[in-house]
Amino acid sequence: MSINPDATEERTRVGPGTRALWRLAGPWWLFLVTGIAWLIIAVMVLRFTPASVNTVGVLMGVLFLLGAFNEFLIASIRRSWRWAHVVMGVLFVVGSIWAFARPFNAFWALASVLGLLLIFKGTLDIIAAVMTKEVNGAWWLGLVAGILEIVLGFWASQQSFPAQGALLLLWVGFFALFRGISELVVGFEVRSRQRG
């Protein structure tokens, strides 16, 4: 079987529509800035100092604020269950104020339910892997990750607070590290596609 050079060239050619999609990604340097910010957070968290605990607590506050914004946005668009989204948004705002005021306590509250969160996330990953089996060739990776998250969740549930805190710091630190690296890669990819 021979490869048609015209077909290969047609697949690799970038059309004006594709270039427009890459321009919609926004300025490439924004990904660079967020990537560097995530790497700084990773360094702060993975140092295992009291500042690491406070950093995770403040990150919880930021996450709650984003959740509140999302709930208020949904409430402004959807008519049904609007009151539930408003109540959830208010709860997220209260949670973010608490996390910003007492980041140390917010960290330990999150560490105390870390096992439950890992079991929940692992279950969702297993369901997603099984549901996408026909269209995802690497579905088994999601299945393995889900099983490992459930095992880790049960292990974390049986541990004392210091072990749960260390696991939470490792989890957040490595998440921030990988997120920072991927943001940098995406930034340079967007830059090359926008200029190409």
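Hi everyone, let's start with a pair of charged side chains: Lys121 and Asp125 form a salt bridge, with their closest N and O atoms 3.0 Å apart. Please keep in mind that this is a predicted model.

Where do these two residues sit? Both belong to helix 7, which covers residues 114-131, and they are four residues apart, about one turn of the helix. For anyone who likes the geometry, an α-helix has 3.6 residues a turn, so residues three or four places apart point the same way.

How exposed are they? Lys121 has a relative accessibility of 36%, so it counts as partly exposed. Asp125 comes out at 21% and is partly exposed too, given that the cut-off for buried is under 20%.

Now, Lys121 has another partner. Glu149 also forms a salt bridge with Lys121, and here the closest N and O atoms are 3.6 Å apart. Glu149 lies in helix 8, residues 139-157, while Lys121 is in helix 7, so this pair ties together parts that are 28 residues apart in sequence. Is Glu149 buried or exposed? At 17% relative accessibility, Glu149 counts as buried.

Glu183 is buried, with a relative accessible area of 11%, whereas Arg179 is partly exposed at 35%. How many salt bridges does that make in the model? The count comes to three.

Let me finish with helix 3, residues 28-45. This helix has 18 residues and reaches 26 Å from its first C-alpha to its last, close to the 26 Å expected at 1.5 Å a residue. Which of its residues are buried? They are Gly35, Ile41, Ala42 and Val45. If you look down the axis of helix 3, these buried residues fall within an arc of 120°, so they line one face of the helix. And what do they pack against? Their partners are helix 4, residues 50-77, and helix 9, residues 161-195.

Notes:
Residues numbered from 1 in each chain as written. Predicted model: local features only at pLDDT ≥ 70, side-chain atom pairs only at ≥ 80, totals over all residues. Heavy atoms only, no water. Expected span 1.5 Å × (residues − 1). Buried < 20%, exposed > 50% of the residue type's maximum accessible area, 1.4 Å probe, protein only. Arc of directions from axis to C-beta. Contact = heavy atoms within 4.5 Å. Salt bridge = Lys/Arg side-chain N within 4 Å of Asp/Glu carboxyl O.
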